[in-house]
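Here is a friendly walk through one protein model. Please keep the viewer open as you read.

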Amino acid sequence: NFKITLAQIASLIQTNNSFSGTIGDGSLTSLPIASATHGLGTDSSSFMVQLVQVSDGATVYSDVVRGASGLVTVNFAVAPATNAIRVLIQKIG
């Protein structure tokens, strides 16, 4: 039998598993989000990405490319306005 403290259990829990930020600048249709920005590591194949319109909370559908070294690129047909889209990234696993 082992005795373990709550602090020891808490240290094993991964706390940095999500990122939220706004994207859009009114001119770019391809918006990269680097691992240095989201801080979720370099295995972008384990990321779940959702896009939400800031003004009304509607889900936004776009092409999301999960690249090497944790790069996530969001591609739009029309450039979104400045900070018009909230990007939510969840690391799974």
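## A burial cut-off, and Ser 46

A residue is called buried when its relative accessible area is under 20%, exposed when that value is over 50%, and partly exposed in between. Keep in mind that this is a predicted model. With a relative accessible area of 15%, Ser 46 therefore counts as buried. You will find Ser 46 in the loop between helix 2 (35–38) and strand 3.

What does the side chain of Ser 46 reach? It comes to the backbone oxygen of Asp 43, at 2.9 Å. Setting aside neighbours within four places in sequence, Ser 46 is also in contact with Gln 90, Lys 91 and Ile 92.

Gly 93 sits in the segment after strand 7 (85–91). Is Gly 93 buried or exposed? Its relative accessibility is 88%, so Gly 93 counts as exposed. In sequence, Gly 93 and Ser 46 are 47 residues apart, while their C-alpha atoms are 6.9 Å apart in space.

Strands of a sheet pair through backbone hydrogen bonds, in either a parallel or an antiparallel way. Here, 4 strands form an open sheet in the order 1-7-3-4, with antiparallel pairing. Strand 1 and strand 4 (59–60) are the edge strands, and each pairs on one side only.

Within this sheet, how many bridges join strand 3 to strand 7? There are 7 bridges, and the two strands run antiparallel.

Another open sheet is formed by 3 strands in the order 2-6-5, and its pairing is antiparallel. Strand 2 and strand 5 (63–66) each have a single partner strand, so one side of each is left without a neighbour in the sheet. On average, and with direction ignored, neighbouring strands of this sheet are turned by 20 degrees against each other.

Strand 5 and strand 6 run antiparallel and are joined by 4 bridges. Across from Val 72 in strand 6 stands Arg 66.

## The nonpolar core

Which residues have the most contacts inside the largest nonpolar core? They are Ile 23, Ile 33, Val 49, Leu 51, Phe 76, Val 87 and Ile 89, in a core of 15 residues. Two or more residues each come from strand 1 (18–23), strand 2 (30–33), strand 3 (47–53), strand 6 (72–75) and strand 7.

Not counting residues up to four places away in sequence, Ile 33 touches Phe 19, Ile 23, His 38, Gly 70, Leu 71, Val 72, Val 74, Val 87 and Ile 89.

## Two positive phi angles

Most residues other than glycine have a negative phi. Ser 69, though, has a positive phi, near 60 degrees. Ser 69 lies in the loop between strand 5 and strand 6. Its relative accessible area is 52%, so Ser 69 is exposed.

Asn 83 also has a positive phi, near 50 degrees. Where does Asn 83 lie? It is found in the loop between strand 6 and strand 7. With a relative accessible area of 40%, Asn 83 is partly exposed.

Conventions
Residues numbered from 1 in each chain as written. Predicted model: local features only at pLDDT ≥ 70, side-chain atom pairs only at ≥ 80, totals over all residues. Heavy atoms only, no water. Buried < 20%, exposed > 50% of the residue type's maximum accessible area, 1.4 Å probe, protein only. Core = buried A, V, L, I, M, F, W, Y, C linked by side-chain atoms within 4.5 Å. Contact = heavy atoms within 4.5 Å. Pairing = 2+ DSSP bridges. Axes fitted to C-alpha atoms, helices over the stretch in contact; angles between N-to-C directions. Polar contact = N/O pair within 3.5 Å; in protein donor to acceptor, adjacent residues only side chain to side chain.
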